[in-house]
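Please look through the structure shown here with its sequence beside you. The report that follows takes up the core, a pair of residues and a pocket.

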Amino acid sequence: MTASVTVRVPAKVNVQLAVGPVRSDGFHDLANVFLAVGLFDEVTVRPADALRVTCEGPDAGQVPLDAGNLAARAALALAKRHGREANVHIHIDKNIPVAGGMAGGSADGAAALVACDALWGTGASREEMLEICAELGSDVPFSLVGGAALGRGRGELLTPLETGGTFHWVFAVADGGLSTPAVYAECDRLRGTAAVPDPEPSSALLAALRAGDVAALAAAVGNDLQEAAVSLRPSLAATLAAGTEAGALAAMVSGSGPTTAFLVEDEAAARKVADALRASGTCRAVRETSGPVAGATVI
Ligand code: ATP
């Protein structure tokens, strides 16, 4: 019997997050262009008497260890479909900032699903795995597939996108998190009664990804939640300015924030921007990485 399975899963950045009007179910229709980047959690599952979650890493204290943990929910969902007990110990080695708009919880959900499927020999089809992911949350399917993808609907209806190269990023991790629902609510509040167009992916942005053209990508990135995230956390403006002054080609809030993302020319530029962000004292931690990278993968 397999003693344990470990799955490595990446964080994401939204290079475009176009938010449509509120739907009758309370969600927003999105045009969400995801890029998986090289900040990883590792999720290990092993047989146990009962379902249990443990977590280690700098932000581990903020991760729920009860049935609300997305990794636990993923194990339970797979077990239920296959008529078995979810009797596993799930250990999360957490490196993705928590509540940072980088889909860390979603990543652990996708990773636990892949890990349990391998541990139990469930043999779930890709289609079934994607279905379970979509039930767990809007960003979970992308954590499974990785690379780059366009998400429609709540973000869960994915079309893989071609990328023509590697893009370099610097991420500034802010103190504390921001609640994703609170950021959407603030976005709605700021919009007031103004008419909101249906969200569409930018064709210039998709072309830039396809061509691996960093300057064109920088000119096309956009996040409709940025204003709301900065409204709830005004100090993010100083972080964005610090990265821009240090030569970032684009500076944006990552997803619902409060992590900020800086697109840079290459590794040398990343180092310069990262040093400037550290020196600015406007963030808690700085990470340099690149993408696209693969989605949840057994290691
Ligand atoms: P997204 O980018 O998808 O909006 P996020 O990166 O802002 O997500 P997460 O790190 O996923 O935020 O955490 C959001 C909340 O989800 C946390 O505050 C925590 O209570 C809960 N959560 C559930 N499971 C996990 C998990 N495995 N890791 C981290 N947070 C989790």
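## Terms and basis

Helices (H or I, at least four residues) and strands (E, at least two) are DSSP runs, numbered from the N terminus. This is a predicted model, in which local features need pLDDT of at least 70 and side-chain atom pairs count only at pLDDT 80 or more, while totals for chains, interfaces and linings use all residues. Residues are numbered from 1 along each chain as its sequence is written, and side-chain values use heavy atoms, with hydrogens and water left out.

## The pocket

A pocket is found on a 1 Å grid over the protein atoms alone, as an open set of points where a 1.4 Å probe fits, with protein on both sides within 12 Å along at least five of seven lines; its lining residues have an atom within 4 Å of a point. The largest pocket has a volume of about 930 Å³, where volume is the space filled by probe spheres set on the points, which are joined across faces, edges and corners.

This pocket is lined by 40 residues, and S106, D139, T180, P181 and S256 lie nearest its centre. Two or more lining residues come from each of β1, β2 (28–47), α2 and α5 (180–191), and α2 gives the most, with 4 residues. By class, the lining has 17 nonpolar residues, 18 polar and 5 charged; here Ala, Val, Leu, Ile, Met, Phe, Trp, Tyr, Cys and Pro count as nonpolar, Asp, Glu, Lys and Arg as charged, and the others, Gly among them, as polar.

## The nonpolar cores

A nonpolar core is a set of buried Ala, Val, Leu, Ile, Met, Phe, Trp, Tyr and Cys residues joined through side-chain atoms within 4.5 Å; buried means under 20% relative accessible area, exposed over 50%, and partly exposed in between (1.4 Å probe, protein chains only). The largest core has 67 residues, of which V15, I90, W120, W169, L205 and L217 touch the most other members. Helix α2 (residues 104–120) supplies the largest share of this core, 10 residues. A second, separate core of 28 residues includes A172, A174, A228 and A242.

## T6 and T44

T6 lies in strand β1 (residues 5–22), whereas T44 lies in strand β2. Their side chains make a polar contact of 2.8 Å, a term for a pair of N or O atoms within 3.5 Å, where, within protein, one must be able to donate a hydrogen and the other to accept it, and residues adjacent in sequence count only if both atoms are side-chain atoms. T6 counts as buried because its relative accessibility is 17%, and T44 does so at 14%.
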